[in-house]
Amino acid sequence: MTLRRIWPSLLLGILLLLRLLLPPAAIEAAYSRGLFVAVRTVWDRTLPLLPVPLFFLFWVALIYFLARTQVRYKEVKEQGSRRGAWRTVGWRLYNGVVGLIIVFLLGWGFNYGRVPVDETMGFERYQPSLDELRARVYLEADSLAVLRSRITQDTNALKPALLPPDLASCVLAHVSSAFARHGYPTPGRPRGRRLRPKGILLRFGTAGVYWPWVGEANIDAGLHHLQQPAVMAHEYGHAYGFGDEGSCTFWAYLTGLEIKDDDPYLQYAFKLAYWRQIAGRLRRAEPYAYTDWRAANLDPGIRNDLAAIYANSAQYEDLAPVVRDLTYDAYLRTQGVHGGITNYGTVIQLVEGYRRGR
C-alpha cells in the first residue's frame with residue numbers, strides 16, 4: 001500500500017486523536033481562537049463572494065464526484081478487471097469520505113470541543129422553577145406588547161414588508177457586536193443566505209443550517225418573517241465557531257440585546273423568539289392554565305402574529321421526522337454534545353443563568 005493511499009487516513013487518525021485528547025482550554029486557545037479564526041478570515045475572501053449559495057454548489061460537486069467515480073468504474077471494468085473496478089470505486093469513495101471528515105474537522109468541527117460559553121463568560125446555568133418560569137413568561141409578554149405597540153397599533157398580524165431588505169448583513173452586524181462585547185473574535189464575514197425553493201429545509205424539520213464544508217449560514221426562505229432574524233443569528237453563531245445548538249440560540253438572544261430602540265420590529269422579533277421558548281416550556285408544564293392565561297391576557301396582536309407563524313409552518317409538511325431526529329441526535333452525540341437533540345432546550349438555562357449573573 002503506497003503512502004499516497006494511506007496519508008489521508010493517517011491525517012484523519014491524528015486529527016481524531018487530537019479532538020479526543022485535547023482539553024477544552026487547549027482547543028479554545030489553539031483552534032477556536034487560533035486556526036479557525038485564520039480559516040474563517042481567508043475563506044470568506046474567496047468562494048463565499050459568489051452570488052449563489054455554496055450549499056447548492058457543494059451538492060453539485062458531490063454529484064459530479066459520484067458521476068466521475070461511476071465513469072472510472074466502467075473504464076476499469078472495460079479493461080477486463082471487474083475486481084479492479086470495484087477496488088478503484090472503493091478507494092475513491094473511502095478517500096472521499098475521509099476528505100470530507102478532514103475538511104469538517106479542520107474547517108469547523110473542532111469547535112465542538114471548545115470551552116462552554118457559560119464558563120468563558122463566568123456565569124452558571126440556571127434552571128428556573130415553575131413559579132419563576134411562569135412569572136418570566138407573563139412579564140416578557142407584557143414587554144412584548146409594549147414593543148409591538150411601538151411598531152403599530154393595529155392588532156392584525158405584522159406584514160413581511162417590515163423585515164429589513166438586507167437581513168443577512170443587518171443581523172450579522174448585531175451578532176458581531178454581541179460576540180465582540182463578550183470578548184469573542186469575529187473573523188471574516190460569514191455569508192448568510194435564504195435558500196429557495198421555500199420549504200427546502202422546513203420540510204426536513206429544520207429552519208436553518210450551517211454547512212461547515214462551505215462555511216455559510218443558511219435559513220429557509222419559507223420561514224415566517226418574524227422567525228427569520230433569530231434563526232439567521234443562530235446560524236451565524238455556528239459560523240463564528242459554536243457547534244452546540246443551545247449556545248447558538250443563546251447567541252441569538254444576546255444579539256437581540258444589541259438592537260437599538262429605534263428598531264422596534266427587530267427587537268420584537270428577537271424577543272418573541274426567546275419568549276416562545278419559555279412559553280413553550282410553560283405550556284408543557286401546565287397546559288390548561290397556560291391556555292386560559294393566553295386567551296385572557298396575551299396581547300391580541302401577539303396572538304395574531306403567533307397564529308400567522310403557525311399557519312405558515314403548516315404549509316410545509318415535515319418529511320420523515322423520526323429518521324431526521326434519530327440521525328441528528330446521533331450526530332450531535334458523536335460530537336460530544338450532551339443530550340443530543342435535546343441540547344436545543346439548554347438555551348433557557350443559559351439565558352436565565354446569564355440574567356442572574358449580570
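Leaving aside its neighbours within four places in sequence, which residues is Val 137 in contact with?

Reply: This is a predicted model, in which local features need pLDDT of at least 70 and side-chain atom pairs count only at pLDDT 80 or more, while totals for chains, interfaces and linings use all residues. Residues are numbered from 1 along each chain as its sequence is written, and side-chain values use heavy atoms, with hydrogens and water left out.

Apart from neighbours within four places in sequence, Val 137 is in contact (heavy atoms within 4.5 Å) with Trp 275, Ile 278, Ala 279, Leu 282 and Trp 293. Val 137 itself sits in helix H6, residues 130-151; helices (H or I, at least four residues) and strands (E, at least two) are DSSP runs numbered from the N terminus. Its relative accessible area is 0%, so Val 137 is buried, a word that means under 20% relative accessible area with a 1.4 Å probe and protein chains only (exposed is over 50%, partly exposed in between). Between Val 137 and Trp 251 there are 20 Å in space, C-alpha to C-alpha, and the two are 114 residues apart in sequence.

One of the partners of Val 137 is Trp 275, and Trp 275 in H10 also takes part in the meeting of H10 with H12. On the H10 side of that meeting are Tyr 268, Leu 272, Trp 275 and Arg 276, and on the H12 side Ile 302, Asp 305, Leu 306, Ile 309 and Tyr 310. By class, this contact holds seven nonpolar, no polar and two charged residues; Ala, Val, Leu, Ile, Met, Phe, Trp, Tyr, Cys and Pro count as nonpolar, Asp, Glu, Lys and Arg as charged, and the others, Gly among them, as polar. The axes of H10 (residues 264-285) and H12 (residues 300-313) come within 13 Å and cross at roughly 75°. Axes are lines fitted to C-alpha atoms, for helices over the stretch in contact, and angles run from 0 to 180 degrees between N-to-C directions. H10 and H12 are therefore roughly perpendicular (65 to 115 degrees; under 35 is roughly parallel, over 145 roughly antiparallel, the rest oblique).

H10 also packs with H8, residues 228-239: their axes come within 8 Å and cross at roughly 70°. H8 is therefore roughly perpendicular to H10. Pro 229, Ala 230 and Ala 233 of H8 meet Leu 266, Ala 269, Phe 270 and Ala 273 of H10. This contact divides into seven nonpolar, no polar and no charged residues.

Next come the strands. Five of the five residues of E3 (residues 216-220) are buried, so the strand is largely enclosed by the rest of the structure. Glu 216, Asn 218 and Asp 220 lie on one side, Ala 217 and Ile 219 on the other. E3 pairs in the parallel sense with E1 (residues 191-195) over five bridges, where pairing requires at least two DSSP bridges. Within that pair, Arg 194 has Ile 219 as its bridge partner. E2 (residues 208-211) runs antiparallel to E3 and is joined to E3 by four bridges, with Trp 211 partnered by Glu 216. E2 and E3 form a hairpin with four residues between them, and Gly 215 in the turn has a positive phi of about 70°.

The loop between E1 and E2 contains Pro 197, and a cis peptide bond with omega of about 10° joins Arg 196 to Pro 197. Most residues other than glycine have a negative phi, and most peptide bonds are trans.
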